[in-house]
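Look through the structure below before reading on.

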Amino acid sequence: MQIGLLGKTNVGKSTFFSAATETLVQIGNYPFTTIEPNVGIAYVKTNCACKHFGIEHKHSLCIEGTRFIPVKLIDIAGLVPGAHEGKGLGNKFLDNARQAEVLIHVVDASGSTDSQGQSVAVGTQDPLQDVQFVEEEFDKWMLQILKREWQKLARETETKNIKLIPTIAERLSGLGINEYDVGSVLQKLELLTKKPTTWNDDDLFLFIKELRNSTKPMIIAANKADLCTDLSVIEELKKKGATIACSAETELVLKKASKAGLIDYNPGEKNFKIKDGVNITPEQSKALELVKTVLAKLESTGVQQIIHSACFDLLKLIVVFPVEDETNLSNKDGDILPDAHLLPLGSTVKDLATLIHSDLAKGFLHAIDVKTKQQISGSHQLRNEDVIKIISTLSRG
Ligand SMILES: Nc1nc2c(ncn2[C@@H]2O[C@H](COP(=O)(O)OP(=O)(O)O)[C@@H](O)[C@H]2O)c(=O)[nH]1
Ligand SMILES: [Mg+2]
């Protein structure tokens, strides 16, 4: 599961990335928060299944029944005006864009960053235009991939025995787009009945736009909301698509203060507490006072909510807990509820087996729904917060 961060220069992508990937505790199996300079691990917060069973367990990713599940975050830099014409968009961008299943579009909601990324007075830039610009730039970039040799390709689907859907899917496979994605959009736009050689530029652009919407859904992070004189712009942005107000910089201050042992802060919450007995410098005190006013204005910094919404509202993921021992809810080593996996809604028990280990899927016999103790088949659809034991002739590893 990978989330891409997109946006024009200086809107706060890197700040969002740092704030989201800065972990508060050293987490056992996940020593690194940054894999590459622009790839890191963030966490979504969900219920741990321990709550359902009313048990207590020691797990570095379960804090009082709240389970932290790692998700990959990629800072996809490089989308500048004219990017689709080849300026600054290399293989790295393509690679990052392919891996992302959902995009967080960071905009400067305060309107204080101009098109060149320069800092200007609050309210002088229109964040709505930024939303349109970045989406268009991304779409145009996808379009030029499709348009290479389009005429020839379109002709061949009519004159030779070459099928349209696989041909287009192949073109766009570099973006992680498959035949199913292409087919669904062509059908929705009623383009399957129109000869490809007669598609005009609008048809092609609309096709790409829909395809991007369905394969790389976007949520708008209305960043720098701390600077907004009023928040009406957020309501305007919401009309354009899923939007959450945020202040990445405030989240970063909170994470750092928490890591330094100055405060207790649970990411996503409206409040934090200065720890008893710590010495705070006048400078730190001033910064934390500022944080308080921002939190009062925005309810929360928004960073955690945006990651949550990307996973659960846009991608509609569910959480599933596989176990090997259904009585102790543990793996072979006795670790209770060792793993929590994020899967797309509609995933089956067999999909879970495949995700855990190919051998487990190969020798798959059946599974047990640990909550109901019922035997279930491979084609059984998983539900959110299911606890599953898989029985296979081949064990993992
Ligand atoms: N006021 C405010 N400034 C922010 C916020 N997020 C980022 N910035 C500032 O915006 C500037 C650009 O941030 P950066 O993360 O480097 O932007 P990027 O080019 O999109 O990666 C920096 O000076 C940040 O400190 C925010 O939430 N509020
Ligand atoms: Mg940056």
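Two rings of Phe, Tyr or Trp, with the six-membered ring used for Trp, count as a pair if their centres lie within 6.5 Å. Planes under 30 degrees apart are called stacked, planes over 60 degrees apart edge-to-face, and the rest tilted. The model shown here is predicted. A search of the whole structure finds three aromatic pairs. One of them is formed by F138 and W141, with 5.5 Å from centre to centre and 55° between the planes. Since stacked means under 30 degrees and edge-to-face over 60, this pair is tilted.

Where in the chain do F138 and W141 lie? Both belong to helix α4, which covers residues 127-147. They are three residues apart, about one turn of the helix. F138 and W141 are both buried. Elsewhere, W150, W199 and F207 form one aromatic cluster.

Next comes the nonpolar interior. In soluble globular proteins, nonpolar side chains tend to be buried together. The largest nonpolar core here has 39 residues. Which residues have the most contacts inside this core? They are I3, F16, I104, I307 and L337. Several elements each supply at least two residues of the core, including the strands β1 (2-6) and β6 (102-108) and the helices α1 (13-21) and α12 (303-314). Helix α12 gives the most, with six residues. The core also draws at least three residues from each of two domains: domain 1 (2-38 + 76-138 + 217-312) and domain 2 (319-392).

Leaving aside residues up to four places away in sequence, I104 touches I3, G4, L5, L6, F16, I219, A221, I306 and I307.

Finally, consider the protein as a whole. It contains 14 helices and 15 strands. Of its 397 residues, 49% count as buried. Among contacts between residues at least 6 apart in sequence, 66% join residues at least 24 apart. The C-alpha trace spans about 75 × 65 × 35 Å along its principal axes. A compact globule of 397 residues would have a radius of gyration near 21 Å, and the protein has 24 Å, which agrees. The protein exposes about 19,400 Å², and carbon and sulfur atoms supply 49% of this area.

Terms used. Residues are numbered from 1 along each chain as its sequence is written. Chains are lettered from A and ligands numbered from 1 in the order in which they are written. This is a predicted model: local features need pLDDT of at least 70, side-chain atom pairs count only at pLDDT 80 or more; totals for chains, interfaces and linings use all residues. Side-chain values use heavy atoms; hydrogens and water are left out. Helices (H or I, at least four residues) and strands (E, at least two) are DSSP runs, numbered from the N terminus. Buried means under 20% relative accessible area, exposed over 50%, partly exposed in between (1.4 Å probe, protein chains only). A nonpolar core is a set of buried Ala, Val, Leu, Ile, Met, Phe, Trp, Tyr and Cys residues joined through side-chain atoms within 4.5 Å. Domain bounds come from an automatic or database domain assignment. Contact means heavy atoms within 4.5 Å. The radius of gyration is taken over C-alpha atoms; the globule rule is 2.2 Å times the number of residues to the power 0.38. Accessible areas come from the Shrake-Rupley method with a 1.4 Å probe; for residues, only the protein chains shown count as cover.
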